[in-house]
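Subject: The structure I promised you

Hello,

Here is the structure we talked about, with the sequence alongside. Please open it and keep it on screen while you read my notes below.

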Amino acid sequence: INGFEKVNTDNCLSMTRVFFGCTNLTSVNLSKANTANVTNMFALFYNCNSLSSMNLSNFYTSKVTSMKSMFYGCSSLTSLDLSHFISTNVTDMSHMFNGCSKLASIKFGTDFNFAPQTSHIFDNLGSGNSSPKTSFTCTPAQWVEIAKLLPTDNEYRWGNAPATATLPSGKTFNDAIKTLAGGAANIKQINFHYGASYYKGTMIS
């Protein structure tokens, strides 16, 4: 989409389903869209399965309460930079990244907090990629939340990047992540995988 910057969104309160089902949409630049008053972004890019490039660099989200299904079914996206997102008031993130099967990296900023409702937020995330499936750039505290939201894991690794160390027998991934969030400042990266899926986290300093 070209020319979206000409659309006046100053008084826009809802962006619900704006690009819903735009299956031929391949790229979108919303860097100049004024979203300061938007409170609802439900299903904003729902099933935009050809969308491989997006610029949300100036999205202001401090008033948003719903990001439910925001990127649902965006199966061509390979990376997503949400480092500027402010999610303090968001109450629902369920299905937010569900079906983003090629999403290899997500960058969260320090103002991104996971909402109370996050059911199925990471379903099928990175399922169509070769290993590693998905890499997160986030704070240690965010890793605690991510650990709760990803499927049950059966192998746990953590340590300084690039080396990793297997967690002692009987310890769980949550044990490691809680220790990390508690102040293991020398830890810069955490890796784990379960089954055929693999996840890597790089800490935001």
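First, a definition to keep at hand: a polar contact is a pair of N or O atoms within 3.5 Å, and within protein one of them must be able to donate a hydrogen and the other to accept it. Please also bear in mind that this is a predicted model.

Threonine 134 gives us an example of such a contact. Its side chain reaches the backbone oxygen of leucine 103 at 3.1 Å, which is within the 3.5 Å limit. Threonine 134 sits in strand S5 and counts as buried, at 1% relative accessibility. Leaving aside neighbours within four places in sequence, threonine 134 is in contact with Leu103, Ala104, Leu125, Gly126, Tyr198, Tyr199 and Lys200.

Now the overall layout. The protein has two helices and nine strands, and along the sequence they follow the pattern β-β-β-β-β-α-β-β-α-β-β. Of its 205 residues, 45% count as buried. If you take the contacts with a separation of 6 or more, 74% of them come from residues 24 or more positions apart.

Next, have a look at strands S5 and S9. S5 covers residues 134-138, and five bridges join this strand to S9, the two running parallel. S9 spans residues 197-203 and is mostly covered, with five of its seven residues buried.

The structure holds 16 aromatic pairs, and one of them is formed by phenylalanine 136 and tyrosine 199, which are stacked at 6.1 Å centre to centre with 20 degrees between the planes. Why does this pair tie together parts that are 63 residues apart in sequence? Because phenylalanine 136 lies in strand S5 and tyrosine 199 in strand S9. Both partners count as buried: phenylalanine 136 has 0% relative accessibility, and tyrosine 199 has 2%. Ring pairs also link a cluster whose members include Phe19, Phe45, Phe71, Phe97, Phe136, Trp143 and Tyr199.

In soluble globular proteins, nonpolar side chains tend to be buried together. Here the largest nonpolar core has 48 residues, and Phe45, Phe71, Phe97 and Phe136 touch the most other members. Strands S3 (79-82), S4 (105-108), S5, S8 (189-194) and S9, along with helix H1 (140-149), each supply at least two residues of this core. To see what surrounds one of those phenylalanines, click on phenylalanine 45: not counting residues up to four places away in sequence, it touches Phe19, Val28, Leu30, Leu51, Met54, Leu56, Met70, Phe71, Tyr72 and Cys74.

Finally, the cysteines. How many disulfides are there? The count comes to zero. Cysteine 74 is in no disulfide, as the nearest cysteine sulfur, that of cysteine 100, is 5.2 Å away, while a disulfide needs the two sulfur atoms within 2.5 Å. Cysteine 74 is buried, with a relative accessible area of 0%. Cysteine 138 is buried too, and its relative accessible area is 0%.

Enjoy exploring, and write back with any questions.

Best wishes

Key: Residues are numbered from 1 along each chain as its sequence is written. This is a predicted model: local features need pLDDT of at least 70, side-chain atom pairs count only at pLDDT 80 or more; totals for chains, interfaces and linings use all residues. Side-chain values use heavy atoms; hydrogens and water are left out. Buried means under 20% relative accessible area, exposed over 50%, partly exposed in between (1.4 Å probe, protein chains only). Helices (H or I, at least four residues) and strands (E, at least two) are DSSP runs, numbered from the N terminus. Two strands pair if DSSP finds at least two bridges between them. A nonpolar core is a set of buried Ala, Val, Leu, Ile, Met, Phe, Trp, Tyr and Cys residues joined through side-chain atoms within 4.5 Å. Contact means heavy atoms within 4.5 Å. Rings of Phe, Tyr and Trp (its six-membered ring) pair if their centres lie within 6.5 Å; planes under 30 degrees apart count as stacked, over 60 as edge-to-face and the rest as tilted.
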